[in-house]
Amino acid sequence: MDEVLLLSRIQFAVTVFYHFLFVPLTLGLVILVAIMETKYARTLDVTYKRMADYWGKLFAINFVLGVITGITMEFQFGTNWSEYSKYMGDIFGSPLAIEALVAFFLESTFMGIWLFGKDKFSPKLRAFSIWMVALGTNISALWIITANGFMQNPVGYVLKNGRVELDNFWELVTNPYAWYMFVHTVVSAYIVGAFFMMAISAYHLLRKNETSFYKKSFKYGLAMALFSATLTPFIGHQSGVFAAKMQPAKGAAMEAVWETQKDMPFHLIQIPDQENERNAFEAISIPRLGSFFYTNSFDGEVIGLKDIPQDERPNVELVFYAFRVMVALGVFFLAVSWYGLYLYRKNNLENSPRYLKLVLYSVLLPYIAINAGWMVAEAGRQPWVVYGLMKTAEGVSPIALSQVIFSMASLVIFYTVLLIADVYLIIKYAKKGPESEVQFGVGGGVKHVS
Amino acid sequence: MSHDTLAIIWFGLWGLIWTVYFILDGYTLGTGMLFPFIAKNRQERNQLQEAVGPFWGGNEVWLITAGGATFAAFPSVYADMFSFLYTPLFLVLIALFIRAIGLEFMHKDDNLIWQAACKWGFFTGSFLIAFLFGVTFANLYRGLLIGANGYEGNLFSLLNGYGILGGLLFVSLFLLSGSLWIQLKTAGQTATRAYRFSRILAGVAPAMLSLFFMATVNRTPLLDNYSEQPVLWVVPVLTLAAMLLTAFFIFKKKIGYAFTAVCVTIFTKMAFGFVGMFPNMLPSRIDSAYSVTLFDAAGSKLNLTIMFIVAIVFVPIIIAYQSWSYTLFKEKIVKETAKGYQ
């Protein structure tokens with residue numbers, strides 16, 4: 001049974017990471033494509049149509065993988081976590097069903113209209129349909145995070161008939177934990193989309209391909225990067241303060257705080273030692289900043305891990321390093337975005353190969369940051385599956401070990417194939433560049449001298 | 001409304017969502033299974049891709065909704081069904097991957113091996129989804145090996161004669177639906193070839209359905225409800241009538257009517273099953289004491305009420321924009337202009 005639990009946890013972690021390689025890009029990129037479509041509908045300037053088609057193609061490749069890897073997530077609650085589903089289903093199932101009804105239908109139906117209506121329908125209908133896709137994807141994030149928010153901070157429930165039952169729907173949908181996570185996740189996801197667009201544009205700017213096309217694209221990515229990378233530290237800070245208040249163990253693990261203390265300093269460099277319940281190394285300490293990070297007040301009290309029973313603590317080192325990686329990358333994105341604005345304002349972007357190379361090689365970092373953030377949220381909640389109500393070990397299905405081995409092996413093989421195909425196609429079409437203007441002249445309503 | 005009434009309504013909605021999924025994805029799965037045999041060149045492949053491309057994603061969401069609605073309205077059915085049927089469901093999942101990727105990535109590369117792999121992936125995925133769901137539902141009619149300690153069967157105990165027959169029935173109905181859909185949506189050689197398949201399937205599908213009905217009488221307790229309420233017999237009679245009408249319209253070359261009739265066939269066939277199962281959702285073959293009924297599994301009254309309101313508001317909206325999308329793409333797809341997934 002322990003192996004089933006362990007493998008089910010690994011399987012869930014692996015499949016959710018795979019899923020979350022595709023989702024964040026979808027969330028941000030769709031908005032950028034929708035803005036391009038809107039610009040095209042308003043101005044009928046064919047450049048925008050080329051931009052929407054080029055970035056839209058990359059978006060579509062990514063989108064389908066997000067959809068299919070998402071179904072795995074829905075199935076797994078039943079297949080591998082049936083005890084959890086029985087106990088929590090009355091409150092956890094409805095956000096999932098609502099997500100399908102309100103969001104998935106919208107995004108899939110309009111994705112079909114947008115993808116196949118490109119050369120058939122008016123620019124206005126194109127713009128409308130891609131905005132509906134954008135709306136669908138972002139609403140979908142809200143509902144799935146509402147479900148996750150309940151696992152983090154159970155509200156609106158009552159214990160009845162040997163299970164958790166819904167008692168107050170309003171409390172469930174206004175759960176502050178969920179809203180903090182939603183805003184933090186979505187805005188961080190925009191960094192993924194923004195850097196994706198900036199990095200591919202940088203690749204072509206470095207090679208002087210279609211310079212005006214890619215400069216314009218870079219500008220779109222940069223605008224989104226500035227918006228999201230600037231907001232994220234504030235949003236992240238507030239949601240961290242709230243998370244630490246609701247889940248002291250997770251909070252303490254983020255900065256590896258062992259002793260409960262006031263006026264806590266912040267150590268820029270720190271190495272936690274989980275075995276001995278101490279930090280093996282602390283350096284470059286800034287007095288009282290730690291307390292501020294936790295409580296918004298420089299003399300606030302922070303609960304230490306030693307005051308939390310050992311069997312209710314998460315894996316401190318995992319949470320600590322994941323948190324550090326996320327925050328460090330967040331600072332990096334902020335710097336890259338603002339320096340990019342500086343270069344752009346000086347009209348010096350295409351003459352700054354070192355900056356462009358930096359952006360190009362940073363393309364994967366936002367993925368790492370956002371997944372590290374979810375690692376803090378999920379690993380930090382352990383050993384609970386629903387905080388304070390149910391432990392992860394209690395939620396697993398009574399299934400045979402061979403079944404889990406079969407499912408995990410086949411999922412890993414298939415996901416790896418999918419990922420290779422996805423990366424191959426994205427690189428191929430990203431390198432290929434946009435369709436030539438001449439071809440667009442025919443259908444795009446722009447006269448060309450030929 | 002009392003809790004029990006709400007639970008019964010949700011049982012009806014649960015059945016309806018599954019049924020809508022099978023009707024809609026039925027033609028996509030059928031198109032997938034016929035794809036390698038009907039599309040002989042790039043343009044024809046484009047035609048078939050475009051015949052299902054704008055719709056298949058929205059159709060598949062009905063499946064996700066069926067899963068979500070099971071989870072929300074009948075949590076313990078969701079938990080038991082998915083963990084009992086662990087291996088077949090993962091096979092369905094992988095089939096869903098292959099189908100989607102095969103269809104959408106087929107022409108994203110010019111490598112012939114890539115294209116062949118996608119084409120046969122589209123075929124295999126579609127076949128497996130149709131077959132496995134047919135097997136699953138047949139086993140629900142027959143009863144699962146649920147005992148005192150939970151599920152006692154495995155993948156192979158599902159692949160009994162009756163289960164396989166249920167799988168083949170789904171495959172033949174969806175093939176028929178797909179062959180008609182191709183004629184409705186495309187013109188030229190693809191439609192001509194599809195019609196030839198329709199004529200064969202117009203014999204195969206009714207034969208499968210008759211066999212399935214006979215086996216249902218002999219092998220399942222599904223007809224107990226029908227003996228108690230003889231008026232219910234109208235449902236399977238309608239299924240047979242709609243099936244025969246489908247064949248009739250195919251020979252009369254009234255393809256639109258034939259497609260409607262095959263949809264009615266699938267609808268009433270599913271209704272026949274759900275009516276027979278009522279009030280069981282996971283019937284036990286070992287002892288009915290172990291069966292999970294809709295009353296055992298129902299969510300709380302508040303949850304069912306809220307979900308009911310959400311469904312009442314959103315399902316009509318969904319039906320409205322999905323129908324609208326069908327009208328947007330009503331023109332027949334011809335070889336010369338078909339683009340498919342580029």
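Two strands count as paired if DSSP finds at least two bridges between them, and strands (E, at least two residues) and helices (H or I, at least four) are DSSP runs numbered from the N terminus. Welcome to these close-ups of a predicted model, in which local features need pLDDT of at least 70, side-chain atom pairs count only at pLDDT 80 or more, and totals for chains, interfaces and linings use all residues. Residues are numbered from 1 along each chain as its sequence is written, while chains are lettered from A and ligands numbered from 1 in the order in which they are written.

**View 1. The hairpin of S1(A) and S2(A).** Here A:Leu159 stands opposite A:Val164 in S2(A), and A:Tyr157 has A:Leu166 as its bridge partner in S2(A). Strand S1 (residues 157-160) and strand S2 (residues 163-166) of chain A are antiparallel and share four bridges. Two residues lie between the strands, and A:Asn161 takes a positive phi near 50° in this hairpin.

**View 2. Helices H7(A) and H10(A) packed together.** Helix H7 (residues 211-246) and helix H10 (residues 316-345) of chain A meet at an angle of about 140°, their axes 9 Å apart. Axes are lines fitted to C-alpha atoms, for helices over the stretch in contact, and angles run from 0 to 180 degrees between N-to-C directions. The crossing is left-handed, that is, the near helix is turned anticlockwise from the far one by less than a right angle. Residues that meet here include A:Leu222, A:Leu226 and A:Pro233 in H7(A), and A:Phe333, A:Leu334 and A:Tyr344 in H10(A). Two residues are in contact if their C-beta atoms, placed from the backbone, lie within 7 Å. By class, the residues of this contact are nine nonpolar, six polar and one charged. Ala, Val, Leu, Ile, Met, Phe, Trp, Tyr, Cys and Pro count as nonpolar, Asp, Glu, Lys and Arg as charged, and the others, Gly among them, as polar.

**View 3. The side of chain B that touches chain A.** In this view, 51 residues of chain B are in contact with 48 residues of chain A. Helices H2 (42-73), H3 (75-84), H4 (86-105) and H13 (301-328) of chain B each give two or more residues to this side. H2(B) supplies the largest share, 14 residues. The side has 32 nonpolar, 15 polar and four charged residues.

**View 4. A:Leu32 in the largest nonpolar core.** The core has 266 residues, and A:Leu32 is among those with the most contacts inside it, along with A:Val30, A:Val33, A:Trp55 and A:Met198. Such a core is a set of buried Ala, Val, Leu, Ile, Met, Phe, Trp, Tyr and Cys residues joined through C-beta atoms within 7 Å. Leaving aside neighbours within four places in sequence, A:Leu32 is in contact with A:Trp55, A:Gly193, A:Met197, A:Tyr220 and A:Met224.

**View 5. The surroundings of B:Gly30.** B:Gly30 sits in helix H1 (residues 3-38) of chain B. B:Gly30 counts as buried because 29 C-beta neighbours lie inside 10 Å; the cut-off for buried is 20 or more other C-beta atoms within 10 Å, with C-beta atoms placed from the backbone. Not counting residues up to four places away in sequence, B:Gly30 touches several residues, including B:Phe174, B:Leu176 and B:Trp181. B:Phe127 is 97 residues away along the chain, with 8.0 Å between its C-alpha atom and that of B:Gly30.

Conventions
Buried ≥ 20, exposed ≤ 12 C-beta atoms within 10 Å, placed from the backbone.
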